[in-house]
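Please open the structure in your viewer and keep the sequence panel beside it. The stops below say what to select next and what can be found there.

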Amino acid sequence: MRRRRRWVVVVAAGAALTALGGLGASLVIKSPAQAAAEAGPPPRDVLTAAVEDRVLVSSLITRGQVVAGQTARIAPQISGGEGASGAVITKIAAQAGAEVKQGQVLLEVAGRPVFALKGTVPVYRDLRPGATGKDVAQLQKALRGLGYGTEGDPEGTFGTGTKGALTAFYASIGYDPQPAQDDGGAALDAAEGAVKGAARTLEDAEDAENAELPGDAAGRDGGGSPDKAVDRAREDLADARQAYAEAQAKSGPMLPAGEAVFLEGFPARVGSVQGRVGDQVTGTAMVLSSGRLLVEAYVPEYQKGLLRPGQPVEIHSEISGVTATGKVESVADTMATPGRSSSAGGDQGDGAADAVGRESGYLVRVTPDKALVPRLTGQDVRLTIEAASTGDKALVVPVTAITSGADGRTVVTVVDGDGGQRRVEVRPGTSGDGYVAVEPVGKGALKAGDLVVTGVDAGRSSSDAAGGTAP
């Protein structure tokens, strides 16, 4: 029994020694991760971000609509006194979506053509021989562009050369031009008859003068002088010829206002056709768009102050995947509501496409650097406008790293490698996308890669507070 008790004591003592040895080993032996953690600095109680050296761009993102530089609405007017009953569509020569070239017939109303010519002056009157003005000069230029010369006529004067060119153009599209006079040439015929009558009267007076005998001198002096009769006949003939020249100048072909629509650029596009052959024209019969495509956007007042002409713009269509670049062309000074552009043909203007229901704002026009593809017309696109940029690389920090002291200085707080903190005075510059460009007041006081305080680590602070440890 004694021997057995002795063994129990020995075993118990050995177990106790083993437990003490394990405890000692646990205090001495550590894992590599634990050893590294204990050797390093304690976790920071602040959030930091690295100072970057890069170009900072401040961007404004908004939505815009691709529109044509000019929208024209053709509402034909019937000339020649035929009345509204004659305003019937007799032919549609261009369907919706079709490309239109200069000089092309678009449709026919009451047997008369409506065609497109190049120009910027709105049609506001019939152009007749003898007319002068910028609209006449525009017609002459358009005819010359189609290969029909107006030689002999001064620019802006509807003379013989313009008559010939206009007649030749109408013949090329298969129509006779409308006459400038509604009398069927009666006035010109009458003037021509007056010239013939005056010429015959002069001829008779000259014959009488030549047949006079020398003994009749006394009768001639008494007031029946053949010489006087000849002089008067010559005056009458000159007047008749002048009247004939005036009648002739007014006669010839004319360009009715309802038969031409002037567009700024070609090729143009047919946006829509409103009506069918046989329908009576009661308003707009066709809508055209022409000129270079641009983008229009309406921005609120708080964004207007960030925009100015010349700023770079990225244009992106999510529908087609097309991305293009452009520049801000203009920013309106007054607020407007997107709506219908003014109509054209006799009725034309440049303007935005329909945007019913869109909010009011300041109109911003963006001109693409290269021509946009026609399929983008009318699409809603995303505009990323470069509102500001540092231009060259600059030191950039998050906006939350900037603080202002009671002394009025703007500073960032730099965290050194040992966890220490120092305040660096800076001058802030361009800001955008949550960052701001800064320039240190002291040379070399701040560099790329430095860590600046951006906030407090709320999780770390709470943990420390629970453990009773001061930060």
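## Stop one: Lys-118

Select Lys-118 and show its surroundings: leaving aside neighbours within four places in sequence, Lys-118 is in contact with Gln-102, Gln-138, Ala-142, Phe-262, Leu-263, Glu-264 and Phe-266, where contact means heavy atoms within 4.5 Å. This is a predicted model, in which local features need pLDDT of at least 70 and side-chain atom pairs count only at pLDDT 80 or more, while totals for chains, interfaces and linings use all residues. Residues are numbered from 1 along each chain as its sequence is written, and side-chain values use heavy atoms, with hydrogens and water left out.

Lys-118 is placed in strand 8; strands (E, at least two residues) and helices (H or I, at least four) are DSSP runs, numbered from the N terminus. With a relative accessible area of 44%, Lys-118 is partly exposed, a class that lies between buried (under 20% relative accessible area) and exposed (over 50%), as computed with a 1.4 Å probe on protein chains only. If you draw a distance from Lys-118 to Gln-138, the C-alpha atoms are separated by 8.0 Å, although the two residues are 20 residues apart along the chain.

Now colour the open sheet of 4 strands, which has the order 5-7-8-11 and mixed pairing; two strands pair if DSSP finds at least two bridges between them. Strand 5 (89-92) and strand 11 (260-263) stand at the edges with a single partner strand each, so one side of each has no neighbour in the sheet. From one strand to the next the twist averages 20 degrees, with axes taken as lines fitted to C-alpha atoms, for helices over the stretch in contact, and angles running from 0 to 180 degrees between N-to-C directions.

Within this sheet, select strand 7 (residues 105-109) and strand 8 (residues 112-118), which run antiparallel and are joined by 4 bridges. Leu-107 has Val-114 in strand 8 as its bridge partner.

Is Gln-140 buried or exposed? Gln-140 counts as buried because its relative accessibility is 1%.

A polar atom of the Gln-140 side chain lies 2.9 Å from the backbone oxygen of Thr-157. Beyond the neighbours within four places in sequence, Gln-140 is in contact with several residues, including Thr-150, Asp-153, Pro-154 and Thr-162.

A search of the whole structure finds 4 aromatic pairs; rings of Phe, Tyr and Trp (its six-membered ring) pair if their centres lie within 6.5 Å, and planes under 30 degrees apart count as stacked, over 60 as edge-to-face and the rest as tilted. Select Phe-115 and Phe-169, an edge-to-face pair with 5.0 Å centre to centre and 75 degrees between the planes. Phe-115 lies in strand 8 and Phe-169 in helix 4 (residues 160-172), so the pair ties together parts that are 54 residues apart in sequence.

Phe-169 also pairs with Tyr-170: the ring centres are 5.9 Å apart and the planes at 65 degrees, so this pair is edge-to-face. Phe-115 is buried, with a relative accessible area of 0%, Phe-169 is buried at 2%, and Tyr-170 is buried at 0%.

Move on to the closed barrel of 6 strands, which runs 3-14-18-16-15-19 with antiparallel pairing. Neighbouring strands of this sheet are turned by 40 degrees against each other on average, direction ignored. Strand 14 (residues 294-299) and strand 18 (residues 361-368) run antiparallel and are joined by 5 bridges, and Ala-297 stands opposite Val-364 in strand 18.

## Stop six: Asp-450

Finally, select Asp-450, in the loop between strand 24 (435-440) and strand 25 (451-456). Asp-450 is buried, with a relative accessible area of 10%. The side chains of Asp-450 and Lys-447 are joined by a polar contact of 3.0 Å, which is a pair of N or O atoms within 3.5 Å; within protein, one must be able to donate a hydrogen and the other to accept it, and residues adjacent in sequence count only if both atoms are side-chain atoms. Not counting residues up to four places away in sequence, Asp-450 touches Ala-49, Ala-50, Val-51, Val-414, Arg-422 and Ala-445.
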